[in-house]
Amino acid sequence: FIEGPELPWSQDCDGAADGADSARSTAACTDPEAPPGSADALEGSWRCVATEGLDEFLQATGVGAFQRRLAAAAAWPSWDFSIEKARIVFVNHSALGELREEVPLDGSSYGYTDGRGNAWTCSAEWVPQ
């Protein structure tokens, strides 16, 4: 579950492992002040307030038992989202440090390096609903 400081609700967030490939957590939120389908709904600072299935998620992505126990005991992460030059800038603040990801909103490919130093080529598209 995640919550933003200016929003009075929490939103479920699902993590999904895709075999041995990268796994992502997603959150769908609506800000009553943002235009319908606007990426602006993500802007701001968010913090994790609960998680479900963390051990199973980490195990599916190849994390060993000792590291899973450390992860379960770690402080909850927080995230900052901003919109800059047609990109969502995502900063993940965790016990392992900060990770920054700049996601183009037009669906074009971009490079990302995860917390283990693995380089990924990713793409994402903002689809207003």
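Modeller: Let's go through salt bridges, then a loop, then one serine. This is a predicted model, so local features need pLDDT of at least 70, side-chain atom pairs count only at pLDDT 80 or more, and totals for chains, interfaces and linings use all residues. Residues are numbered from 1 along each chain as its sequence is written, and side-chain values use heavy atoms, with hydrogens and water left out.

Biologist: How many salt bridges are there?

Modeller: A salt bridge is a side-chain nitrogen of Lys or Arg within 4 Å of a carboxyl oxygen of Asp or Glu. By that rule there are 3. One of them pairs arginine 68 with aspartate 55, at 2.8 Å from N to O. Arginine 68 sits in helix 2 (residues 65-73) and aspartate 55 in helix 1 (residues 54-60), so this pair ties together parts 13 residues apart in sequence. Helices here are DSSP runs of H or I with at least four residues, strands are runs of E with at least two, and both are numbered from the N terminus.

Biologist: Is arginine 68 buried or exposed?

Modeller: Buried means under 20% relative accessible area, exposed means over 50%, and partly exposed is in between (1.4 Å probe, protein chains only). Arginine 68 has 15%, so it counts as buried, while aspartate 55, at 36%, is partly exposed.

Biologist: Which residues does arginine 100 pair with?

Modeller: Arginine 100 bridges to glutamate 84, with the closest N and O atoms 4.0 Å apart. Arginine 100 belongs to strand 8 (residues 97-104) and glutamate 84 to strand 6, so the link spans 16 residues in sequence. Arginine 100 also meets glutamate 102, at 3.1 Å from N to O. Shared partners join Glu84, Arg100 and Glu102 into one network.

Biologist: Where does lysine 85 lie, and what is its phi?

Modeller: Most residues other than glycine have a negative phi. Lysine 85 lies in the loop between strand 6 and strand 7 (87-94), and its phi is positive, near 50°. Alanine 86 is in the loop between those strands too, with a positive phi near 60°. Lysine 85 is exposed at 80% relative accessibility, and alanine 86 is exposed at 52%.

Biologist: What does serine 82 touch?

Modeller: Contact means heavy atoms within 4.5 Å. Leaving aside neighbours within four places in sequence, serine 82 is in contact with Glu43, Arg87, Ile88 and Val89. Serine 82 itself lies in strand 6 (residues 78-84).
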